[in-house]
Amino acid sequence: MPGHDHAVPHAGMGVLILSEPDRRAQFERLAMPLLDDAVNLAVWLTGNRVDAEDIVQESMLRAFKYLDRFSGEHFRPWLLQIVRNTAMTWLARNRSGRVVYMADAEAAEAVAPADTARAESPEQEMLRQDLTEQINRAVADLPVEFREVIILREMQDLSYKEIAAVIDVPIGTVMSRLARARKILMSVLPRYAS
Amino acid sequence: MSEGNSIGCAARDAYIDGELSALESAAFDLHVEGCAACQQALERSLALRSDMRGKLQRHEAGVALRQSILSALPATPKPALHPMRSGQRQWLSLAAAASLAAILASSTTFYALRNSPQEVWDQAVLDSHLRATLSGHVFDVASSDRHTVKPWFNGRTSVAPVVVDLSASGYPLIGGRLDILERTPLPVLVYRAGPHVISMVVRPGTGTAAPALMRKDGFALLNWRAHGFEFSAVSDADSGEILAFQKAFAAGIAQLP
């Protein structure tokens with residue numbers, strides 16, 4: 001009996017019974033184009049590509065299994081909700097949910113990248129990278145409940161209503177978390193301070 | 001809400017996030033004109049927002065993950081019983097395109113009979129954007145290099161548009177196309193704003209006019225005049241986004257040599 005997987009939301013009341021080939025075709029049409037979105041969200045939530053890929057793999061198979069439960073119009077929030085819930089379960093099991101900015105992680109692994117030959121002085125490069133790095137770091141440093149609303153709003157371009165559905169809170173909570181998240185970002189990034 | 005008085009500073013975030021109705025949005029625009037605090041806050045919020053949209057690292061799925069998911073799925077699809085021959089399919093899509101063109105053409109004509117020149121123009125700009133996005137033919141020349149896009153229009157239209165790349169502001173130039181609006185071939189520059197496409201029609205104009213925003217059928221449309229051109233930008237992005245784009249564009253022009 002399907003019905004006890006809490007990561008998978010009921011998107012509507014209708015239940016669709018799909019034959020196996022139909023189900024697969026449906027899945028390839030609806031879910032596979034959203035793979036990048038799923039990976040992006042999972043990496044931002046876990047801060048770790050290896051675990052993010054496991055989470056996405058698990059989420060996609062869940063979405064396939066419970067495809068019947070989706071009967072609504074908006075597939076993307078439904079799929080992202082599964083990814084988010086799976087990632088949250090993973091975070092609760094594994095860590096605090098603090099994210100390491102990927103550039104740092106990659107830099108720590110790579111020994112002195114060989115592109116120092118480019119005609120750019122270290123100062124120039126710092127200036128250029130400054131803003132991008134600062135912003136990525138600031139978002140990565142947000143507590144996960146603020147980070148997720150920022151990613152869903154600014155990177156996945158979801159509406160308040162869709163975000164509310166993905167993280168399962170009232171719309172008012174989405175609005176106050178977004179406001180709080182932006183306030184934190186503006187306080188740590190001096191260029192946006194008043 | 002008829003006076004717009006109930007919309008104040010508290011609506012700022014909803015405005016930025018495109019969560020206000022067209023009416024509320026207009027009321028908020030009025031409020032902002034007389035509220036210095038909102039003007040400042042809006043500027044900072046829009047800057048943060050467009051920087052986040054342009055600069056946050058986007059992680060993508062690798063080929064291995066894609067393969068691994070597909071191979072973990074239980075069933076493989078059966079081929080369709082009577083696959084259409086490709087010629088047949090091509091004919092069908094041509095027919096679909098033709099009927100779409102007919103619908104668009106007749107609605108434009110009908111529109112022209114009973115609306116102001118500005119409304120007719122706005123509709124033509126929106127139609128151009130819809131034609132391009134529905135057919136998937138968003139640009140004739142695909143390039144993020146303004147030195148490729150600008151000369152491409154040479155000899156194809158009498159308008160030599162100013163072209164700036166706005167990647168640094170989060171709106172990369174992705175190409176250009178030629179479209180016929182009100183019987184004149186005009187350059188259309190195409191930019192990307194996160195997941196959205198922005199089409200910007202450029203035609204000769206005089207004087208300067210501040211950006212005027214309108215929303216129509218879920219699309220945001222912005223008209224302004226500067227540097228001897230009249231610009232019309234349209235997108236399904238929200239109002240805040242297209243206003244931020246205009247700002248980045250104006251700043252980009254100012255920096256041209």
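## A salt bridge between the chains

In this predicted model, A:E154 pairs with B:R53 in a salt bridge (a side-chain nitrogen of Lys or Arg within 4 Å of a carboxyl oxygen of Asp or Glu), and their closest N and O atoms lie 2.8 Å apart. Across the interface of chain B and chain A, six salt bridges turn up.

## The side of chain B that touches chain A

Here 35 residues of chain B are in contact (heavy atoms within 4.5 Å) with 45 residues of chain A. Together the chains bury about 3,900 Å², 60% of it on carbon and sulfur atoms; buried area is the accessible area (1.4 Å probe) that two parts lose on being put together, summed over both. In chain B, the residues that lose the most area to chain A are B:R44, B:L56 and B:H59, together 17% of what that side buries.

## A look at A:M186

Helix α9 (residues 171-188) of chain A holds A:M186.

Leaving aside residues up to four places away in sequence, A:M186 touches A:Y192 and A:A193, plus B:R44, B:S45 and B:L48 from chain B. A:A138 sits 48 residues from A:M186 in sequence, and their C-alpha atoms are 9.4 Å apart.

## How to read the numbers

Residues count from 1 along each chain as its sequence is written, and chains are lettered from A in the order in which they are written. Local features need pLDDT of at least 70 and side-chain atom pairs 80 or more, while totals for chains, interfaces and linings use all residues, and side-chain values use heavy atoms, without hydrogens and water.

Definitions and conventions. Helices (H or I, at least four residues) and strands (E, at least two) are DSSP runs, numbered from the N terminus.
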